[in-house]
Amino acid sequence: MNNGRTIAGDLARSTEPGPDRLADLHSRLAAAAARDGVLDVAYRTVDSPVGPLLLAATDQGLIRVAYAREDHDAVLQHLADKVSPRILLAPARLDAVARELDEYFGRARRTFDVPLDWRLAAGFRAAVLHHLPEIGYGRTASYADVAALAGSPKAVRAVGTACAKNPLPVVVPCHRVVRSDGAMGGYLGGPEAKRLLLDLEAAA
């Protein structure tokens with residue numbers, strides 16, 4: 001591929017490229033991969049009040065948001081296994097997601113508008129996740145409430161499992177699901193992250 005040889009040549013001619021040059025070369029590589037149809041999953045990390053978040057997207061939309069405690073390397077390996085091994089650090093594809101997250105954490109956004117790729121969720125779990133945005137910003141619902149929304153009132157434990165395996169936390173708001181007694185319940189980002197998100201929304 002001509003563009004690949006050009007980038008390789010640039011790297012070879014620059015024995016100690018500076019950070020700006022490396023960033024430029026990487027950006028050109030990502031653009032060439034996308035243009036030639038060999039970039040199936042783009043990813044980047046962003047800083048946030050709940051720690052570094054890994055964002056990954058396909059050409060269909062955002063497919064993964066992952067907390068550091070999930071092990072970003074393990075998440076990328078799972079995406080390689082389940083979606084495609086053609087994964088590349090390509091931040092530009094995720095600019096819109098990063099911007100909306102910044103707005104959310106700055107209390108300037110209450111819903112997310114970016115397209116989502118739901119292929120990592122299926123069956124009842126997918127049904128649960130699709131209903132979570134119906135829980136309004138700053139509000140909470142019990143696991144039993146969500147089970148009823150999803151059409152299976154007795155499937156409370158399955159709702160908990162769906163939330164625990166949500167591939168799109170924050171954007172798909174599983175943090176708004178709490179226990180019937182008002183206790184927070186579990187959260188894949190940890191109790192501190194769940195409390196921060198609930199407090200952030202309650203204060204807006």
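Strand 1 (residues 41-46) and strand 4 run alongside each other in the parallel sense, joined over three bridges; here a strand is a DSSP run of E with at least two residues, a helix is a DSSP run of H or I with at least four residues, and both are numbered from the N terminus. Two strands are said to pair if DSSP finds at least two bridges between them. Within strand 4, L88 is the bridge partner of A42. This is a predicted model, in which local features need pLDDT of at least 70 and side-chain atom pairs count only at pLDDT 80 or more, while totals for chains, interfaces and linings use all residues. Residues are numbered from 1 along each chain as its sequence is written, and side-chain values use heavy atoms, with hydrogens and water left out.

Strands of a sheet pair through backbone hydrogen bonds, either parallel or antiparallel. In this structure four strands form an open sheet, in the order 3-2-1-4, with mixed pairing. Its edges are strand 3 (61-67) and strand 4 (87-89), each of which pairs on one side only. From one strand to the next, the twist averages 25°, where axes are lines fitted to C-alpha atoms, for helices over the stretch in contact, and angles run from 0 to 180 degrees between N-to-C directions.

Two helices can now be placed against these strands. Helix 3 (residues 72-82) packs on the sheet and touches strand 1, strand 2 (53-58), strand 3 and strand 4, contact meaning heavy atoms within 4.5 Å; the direction of helix 3 makes about 150° with that of strand 3. Helix 4 (residues 95-105) lies across strand 1, strand 2 and strand 3, and runs at about 140° to strand 2.

Helix 4 has as its buried residues V97, A98, E100, L101, Y104 and F105. Seen down the axis of helix 4, these buried residues fall within an arc of 165°, so they line one face of the helix; the arc is that of the directions from the helix axis to the C-beta atoms. Buried means under 20% relative accessible area, exposed over 50%, and partly exposed in between, with a 1.4 Å probe and protein chains only. The cover over the buried residues of helix 4 includes strand 1, strand 2, strand 3 and helix 8 (191-203). Just after helix 4, R107 takes a positive phi of about 65°.

Taken as a whole, the protein has eight helices and six strands, and buried residues make up 44% of its 204 residues.
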